[in-house]
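Here are some notes to read alongside the structure. Please keep the sequence open while going through the points.

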Amino acid sequence: MTDTAPATAGSMPAPRRTPLTSMHEQLGASLTDFAGWLMPLRYGSETAEHNAVRTAAGLFDLSHMGELSVTGPGAAAALDYALTGQPSALQPGRARYTMISADDGGVLDDLIVYRLAGEEFLVVANAANTAVVGAALAERAAAFDAEVADRTDDYALIALQGPRAAAILAPLTSTDLAGVKYYASYPAQVAGRDVLLARTGYTGEDGFEIFAAPRDAEHLWMELSKAGAGDGLIPAGLAARDTLRLEAGMPLYGNELTSDMTPFDAGLGRVVKLDKPGGFVGRAALADRAGQPPQRQLVGLTLQSRRIPRHGYQVLWHGRPAGTVTSGAASPTLGIRIAMAYISPDVAQATSAAGSAGLAVDIRGNAEPARLVELPFYRRRS
Amino acid sequence: MTVPTELYYTPEHEWVALNGSIASVGITDHAQRALGDVVFVSMPAVGARVTAGEPCGEVESTKSVSDVYSPVDGEVTEINAEIDEDAGLVNSDPYGAGWLFKVKLDETEGDVPPGLLSATEYTALTKEADE
């Protein structure tokens with residue numbers, strides 16, 4: 001019997017579902033394939049979702065994020081060698097924003113490392129990079145007494161973000177939230193389920209990220225939704241998450257960070273601990289880079305234009321190319337167009353000294369005047 | 001998704017309301033949902049000549065920029081000034097307050113300008129696209 005293979009060559013595998021995808025479908029979300037996962041882009045209006053997070057609270061499914069565990073007596077040393085930061089200096093229960101570089105210093109991903117216990121770390125990676133980071137960690141940890149495992153399927157991750165987050169969460173947990181500091185994590189119970197509760201986020205607001213067993217995800221989502229309904233909590237999708245992080249001046253891997261850039265390019269040289277004991281992957285290249293004048297500078301731009309400056313649009317300085325927009329949006333909070341862009345340091349210097357006259361973004365053939373501003377665009381009142 | 005039966009449609013997800021020699025044009029509910037929140041609409045100028053199938057404006061949403069194609073041949077007689085103040089009308093009321101512009105048709109002899117789809121045809125088209 002001759003069997004003709006169906007024409008599947010080149011077709012993409014169906015995107016993966018999170019433990020909450022059915023919930024999003026019930027809520028009528030617009031779903032999109034994001035880094036191989038079927039994720040909610042928005043439930044209703046992304047602008048309303050953005051505003052809810054700024055003024056009340058929003059609930060996000062982040063179960064697509066990668067969780068990699070690094071455990072064992074050599075785990076701390078392995079991570080010091082594998083990452084740009086120094087996880088060995090973290091106290092158990094604390095977390096840190098860090099990066100993983102290639103030998104040439106290029107950024108493979110930006111990460112949050114949680115030290116759960118003395119010999120137990122959880123590395124949270126971007127969904128699109130989880131496989132790359134997992135492979136790099138395994139390779140780099142091979143010479144250490146440490147084990148690396150991809151635990152992405154073992155965790156649902158729900159973020160509760162916004163000024164009302166703590167008030168909404170408090171009745172659902174016995175943990176004293178006033179004691180949960182920014183970038184700290186604790187084993188806790190939320191709505192009767194065991195979770196890892198972290199005070200982290202990617203929105204520029206106070207908030208929590210809740211790592212839970214997949215079987216508990218729907219229960220937690222519903223209980224949190226119920227608890228927050230009176231406070232204005234609504235579910236929020238990836239579209240709102242992107243404008244929230246952009247207003248907060250936070251880089252997005254693939255836009256502000258790529259393997260062609262070092263942390264110094266993004267103005268995040270502080271995550272590179274050149275003087276930590278022992279070598280680390282990318283050290284030579286990064287030390288070299290740290291001593292040189294920057295080739296480009298990540299800046300914030302604001303525009304009065306009605307059109308939106310978007311990823312890839314050219315920045316102009318007196319009509320000549322001076323850089324590229326990495327992310328742009330209509331800022332719901334500020335009511336104007338905002339963008340992050342890499343521009344040449346000369347132009348950055350000239351504009352901060354003499355004002356932004358002459359600075360523009362080429363928006364589909366129109367040179368729309370832009371102003372150089374300090375990042376972030378938005379800072380919450382503490 | 002709403003598809004009013006009294007309107008005509010294009011494969012580019014625009015609607016046309018015919019009233020004598022005047023055609024009102026907007027984007028469909030399907031289109032506004034796919035685009036996300038609309039933040040800016042660039043309109044043709046009043047008095048401009050528009051040609052069926054040719055771009056004559058842009059709808060810019062949080063997510064993307066899309067061309068607006070004229071569904072008919074004619075002259076632009078009016079644009080919806082409200083949209084300039086509140087582009088969100090395109091999302092909240094795509095077939096009503098969110099209309100974009102009106103065109104005086106060149107040909108008023110025939111009943112329906114060529115190439116337009118009925119509500120049934122348009123519904124079938126969007127169903128196909130969703131599958």
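1. At what angle do helix H3 and helix H4 of chain A pack, and how far apart are their axes? In this predicted model, H3 (residues 75–82) and H4 (residues 130–141) of chain A pack at an angle of about 115°. Their axes are 9 Å apart. The crossing of H3(A) with H4(A) is right-handed.

2. Next, the residues that make this helix contact. H3(A) contributes Ala78(A), Tyr81(A) and Ala82(A), while H4(A) contributes Ala136(A), Leu137(A), Arg140(A) and Ala141(A). Sorted by class, the contact of H3(A) with H4(A) has 6 nonpolar residues, no polar ones and 1 charged.

3. The sheet comes next. In chain A, 6 strands form an open sheet with mixed pairing, in the order E10-E11-E12-E9-E3-E13. Its edge strands are E10 and E13 (233–235) of chain A, each of which pairs on one side only. On average, and ignoring direction, neighbouring strands of this sheet are turned by 25° against each other. As background, strands of a sheet pair through backbone hydrogen bonds, in either a parallel or an antiparallel way.

4. Which strand does E9 of chain A pair with in the antiparallel sense over 6 bridges? The partner of E9 (residues 156–161) is strand E12 (residues 207–212) of chain A. Within E12(A), Gly207(A) stands opposite Gln161(A). Helix H6 (residues 217–228) of chain A packs on the sheet, touching E3 (57–61), E9, E10, E11, E12 and E13 of chain A. The direction of H6 makes about 10° with that of E9(A).

5. Strands E10 (residues 185–190) and E11 (residues 193–198) of chain A run antiparallel and are joined by 6 bridges. Ser185(A) has Ala198(A) in E11(A) as its bridge partner.

6. The last point concerns the contact between chains A and B. Chain A gives 10 residues to this contact, and chain B gives 8 residues. On the side of chain A that touches chain B, the elements giving two or more residues are helix H2 (46–55) and strand E16 (320–330) of chain A. By class, that side of chain A has 4 nonpolar, 2 polar and 4 charged residues.

Methods
Residues are numbered from 1 along each chain as its sequence is written. Chains are lettered from A and ligands numbered from 1 in the order in which they are written. This is a predicted model: local features need pLDDT of at least 70, side-chain atom pairs count only at pLDDT 80 or more; totals for chains, interfaces and linings use all residues. Two strands pair if DSSP finds at least two bridges between them. Helices (H or I, at least four residues) and strands (E, at least two) are DSSP runs, numbered from the N terminus. Axes are lines fitted to C-alpha atoms, for helices over the stretch in contact, and angles run from 0 to 180 degrees between N-to-C directions. A crossing is left-handed if the near helix is turned anticlockwise from the far one by less than a right angle, and right-handed if clockwise. Two residues are in contact if their C-beta atoms, placed from the backbone, lie within 7 Å. Ala, Val, Leu, Ile, Met, Phe, Trp, Tyr, Cys and Pro count as nonpolar, Asp, Glu, Lys and Arg as charged, and the others, Gly among them, as polar.
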